[in-house]
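Hello,

Please find the structure below, with notes on a few of its residues after it.

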Amino acid sequence: DDSKISADLISFSTGGKSYKVLGADDSLLEVFKKHNYKVSEFKPALCAIKVKENVKRLDGVRSRAEVSVFESNKLVFTESGEVLFKKDGLSGIVIFNTSLFISTHYNSLKNIKISLNLISDLDDKKVDEIKKYAGSAAILKVLTNKKIVEYVEKLTENVDKQIYLLRNLVFTP
């Protein structure tokens, strides 16, 4: 219509390239650039996180975990929730929140690591009790999912190191 709007600032939220099937692409950005509008860089957020490690054998596994983000070995974020392993990375609401934190605070993933504590509800004393009862060879099967056990066993044969990995399974986004 013939309405006029006076404003100091206008924000166009066009979406990104996240869902091309529904027409989501960045073609409108070129129009904005031609008219000298400031266009902010798109960053993935509220999404799954692809990781460098090979997690194909964990595809489909769900596990409760405490998720921590480290930048240059310094803890910068932590949240608990259910993690869904995908063939190429991590997903689930807690991972979506993690991806939002990372995209909001960092321009590069260079020094970022994600650590999963898959047995955060068990302290050392409780793990030792379970170890005595189940035995060293069976403790992992008592603590977590079979596929996670197989994944950790491929990383090391030492049971104490395997338990450590259940508390600190590190991934590189």
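**Notes on the structure**

T172 is found in the segment after β6 (169–171); helices (H or I, at least four residues) and strands (E, at least two) are DSSP runs, numbered from the N terminus. This is a predicted model: local features need pLDDT of at least 70, side-chain atom pairs count only at pLDDT 80 or more, and totals for chains, interfaces and linings use all residues. Residues are numbered from 1 along each chain as its sequence is written, and side-chain values use heavy atoms, with hydrogens and water left out.

T172 counts as buried because its relative accessibility is 12%. Buried means under 20% relative accessible area, exposed over 50%, and partly exposed in between (1.4 Å probe, protein chains only). The side chains of T172 and K113 are joined by a polar contact of 2.8 Å. A polar contact is a pair of N or O atoms within 3.5 Å; within protein, one must be able to donate a hydrogen and the other to accept it, and residues adjacent in sequence count only if both atoms are side-chain atoms. Leaving aside residues up to four places away in sequence, T172 touches K50, V51, K52, E53, I112 and K113, where contact means heavy atoms within 4.5 Å.

Next, the aromatic residues. Rings of Phe, Tyr and Trp (its six-membered ring) pair if their centres lie within 6.5 Å; planes under 30 degrees apart count as stacked, over 60 as edge-to-face and the rest as tilted. The count by this rule is 6 aromatic pairs. One of them is F101 with Y106, an edge-to-face pair at 6.1 Å centre to centre, with 65 degrees between the planes. F101 and Y106 are both buried. One aromatic cluster is formed by F12, F32 and Y37.

Y37 lies in the loop between α1 (27–34) and β1 (49–50), and it counts as partly exposed because its relative accessibility is 45%.

Two residues stand out for their backbone angles. Most residues other than glycine have a negative phi. N36, although not a glycine, has a positive phi of about 65 degrees. N36 is in the loop between α1 and β1 and, at 71% relative accessibility, counts as exposed. S72 is not a glycine either, and has a positive phi of about 50 degrees. S72 sits in the loop between β2 (62–71) and β3 (74–86); with a relative accessible area of 49%, S72 is partly exposed.

Regards
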